[in-house]
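Here is a short briefing to read alongside the model.

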Amino acid sequence: MPTDYANLVDGEMMTTESWVDVVNPATEEVIGRVPACGKEELDRAVAAARKAFKSWRKMSMEERREVVLKISETIKDNLDELMRLLTSEQGKPHHQAKGELLGASGMAKAQSTLSLDEEVTEDSDKRLSRTRRVPVGVVGGIVPWNFPVSMAVQKIVPALLSGCTIVLKPSPFTPLATLRLAELIKDVVPAGTVNIITGHDELGPLITEHPDIDKITFTGSTATGKKIMEGASKDLKRITLELGGNDASIVLPDVDVEKVAEQLFWSSFMNAGQVCIAAKRVYIHEDIYDALSQAIADFAKTMKVGDGAQQGTAVGPIQNKKQYERVLELIQDAKDNGYKFLVGGEEGDPTGSGYYVPITILDNPPEDARIVAEEQFGPVMPLMKFATEDEAIARANASEYGLAGAVWTKDADKGVAIAEQLETGTVWVNEFMQLSPFSPFGGHKQSGFGAEYGKEGLLEFTYPQVITVKRDAAV
Ligand code: NAD
């Protein structure tokens, strides 16, 4: 029997008459129902956020920090329950679900130390001018299904710290752990400061176009990001967009093949490849291509695809049916074009339940293969051979996306020199998927607009206000 989950509006848990079913991608069973909100419920949540904004904006930074720290602690105190729920709706193995939750808790705690200090921009005989930061107002947060809790927390935390209030919409595919967290923080956050409402995708544009929402912070696909920018343009809402990516890794010939193979595997297959910053194209120098691709394939064959709730699972199912069909379509396209598979490519079990895609590694497909050129967002890793660094850099940059990338080499200086030529918001040398609470994370090109995390991320929830006092005024 599926469990019903309620929304958090104005400090109360509420439900609606219509519901959205939530499916476990490992079994295809309906495991929960969440309210299907429309305009009326959204209006109520926005009104609550507007009312709460009046007092919340006046709270000191210290008071806001306290609330954020309590959210961080609540996640940690309820880790086991949230982990199981997250795996059951999202599909990722338990240890990865735990990693997401601890990451969200840690990021919240670390970011609570950020501050919004005033800056004196002129202090002369004539005038004193200072720039302060004032909260934008009511924020609409919209999040995807790959890291539902950490993305939700990453919208809530800077909103609260900056003095804004928020109406947050989880993805209809993965709202359960977020709503359980909403229930757990109900008495931690002042009524109306954090409102979490659920609904079908149609709720998204209602948020984007709501006249009493001042800013949208969105994580999701580039296609939806463009619609949001369009919707927000009507009243010039502020926007932060964290969008898709087609991240490239460049592996130089000086690496230790055995050591790097395992890390490269995880850089592509964490969360079944459903990570905006997963390595989706891996360029390997021709001198080590055969040895490294073999080492990655050998490691991959020891990894188990299965239900994330079962011990030993390394790669879970795809989160939803639509994405599952898209990944299968890309694999089928690769087969139809005769590309070579190092791992995977065999027929799946169409009768079995669960959105499972076998680990798939392609051997040097062409650059214009759909599985290379498009964001796969699944357990797929195309390995490509390159001859010169300039060639690898040019191929890595030949994308409309610019989210992140990685360079692997024993020569850190050379790694940095290559990193500086990549057209992405983040580049790692000899690691992957590391986000810092104090560094801005954002995409170049069509991977985003603005940034999250760090001071820069926090400032996106504020307007600058300059107050100038004329000192030698004749009044
Ligand atoms: P999506 O764009 O389909 O949906 C994201 C959210 O937007 C969901 O809550 C959805 O209900 C809502 N939505 C759908 N249509 C909308 C509309 N017209 N207006 C407003 N909201 C709308 O994305 P997804 O499939 O849930 O997530 C996968 C995508 O997210 C991938 O492209 C991935 O790369 C990207 N992503 C980016 C980051 C990042 O930080 N850059 C992080 C995670 C995921």
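A polar contact here means a pair of N or O atoms within 3.5 Å. With that in mind, a backbone N or O atom of Gly220 lies 3.2 Å from an oxygen atom of the ligand. Please keep in mind that this is a predicted model.

- The side chain of Thr224 places an N or O atom 2.7 Å from an oxygen atom of the ligand.
- For the side chain of Glu375, the distance between an N or O atom and an oxygen atom of the ligand is 2.5 Å.
- Taken alone, the ligand exposes 850 Å², and the protein buries 90% of that.

**The shell and the pocket**
- The ligand takes up the space of the largest pocket.
- Around the ligand there are 30 residues, of which Lys169, Asp201, Ser221, Leu243 and Glu375 come nearest.
- Sorted by class, this shell has 15 nonpolar, 10 polar and five charged residues.
- At least two residues of the shell come from each of α7 (203-208), β11 (215-219) and α8 (222-233).

**A look at Gln274**
- You will find Gln274 in the loop between α9 (257-269) and β14 (279-285).
- Is Gln274 buried or exposed? Its relative accessible area is 1%, and buried means under 20%, so Gln274 counts as buried.
- The Gln274 side chain reaches the backbone nitrogen of Gln319 at 2.8 Å.

Methods
Residues are numbered from 1 along each chain as its sequence is written. This is a predicted model: local features need pLDDT of at least 70, side-chain atom pairs count only at pLDDT 80 or more; totals for chains, interfaces and linings use all residues. Side-chain values use heavy atoms; hydrogens and water are left out. A residue is near a molecule or strand if one of its heavy atoms lies within 4 Å of it. A polar contact is a pair of N or O atoms within 3.5 Å; within protein, one must be able to donate a hydrogen and the other to accept it, and residues adjacent in sequence count only if both atoms are side-chain atoms. Accessible areas come from the Shrake-Rupley method with a 1.4 Å probe; for residues, only the protein chains shown count as cover. On a 1 Å grid over the protein atoms alone, a cavity is a set of points where a 1.4 Å probe fits but cannot get out, and a pocket is an open set with protein on both sides within 12 Å along at least five of seven lines; lining residues have an atom within 4 Å of a point. A molecule sits in a cavity or pocket if more than half of its atoms lie within 2 Å of its grid points. Helices (H or I, at least four residues) and strands (E, at least two) are DSSP runs, numbered from the N terminus. Ala, Val, Leu, Ile, Met, Phe, Trp, Tyr, Cys and Pro count as nonpolar, Asp, Glu, Lys and Arg as charged, and the others, Gly among them, as polar. Buried means under 20% relative accessible area, exposed over 50%, partly exposed in between (1.4 Å probe, protein chains only).
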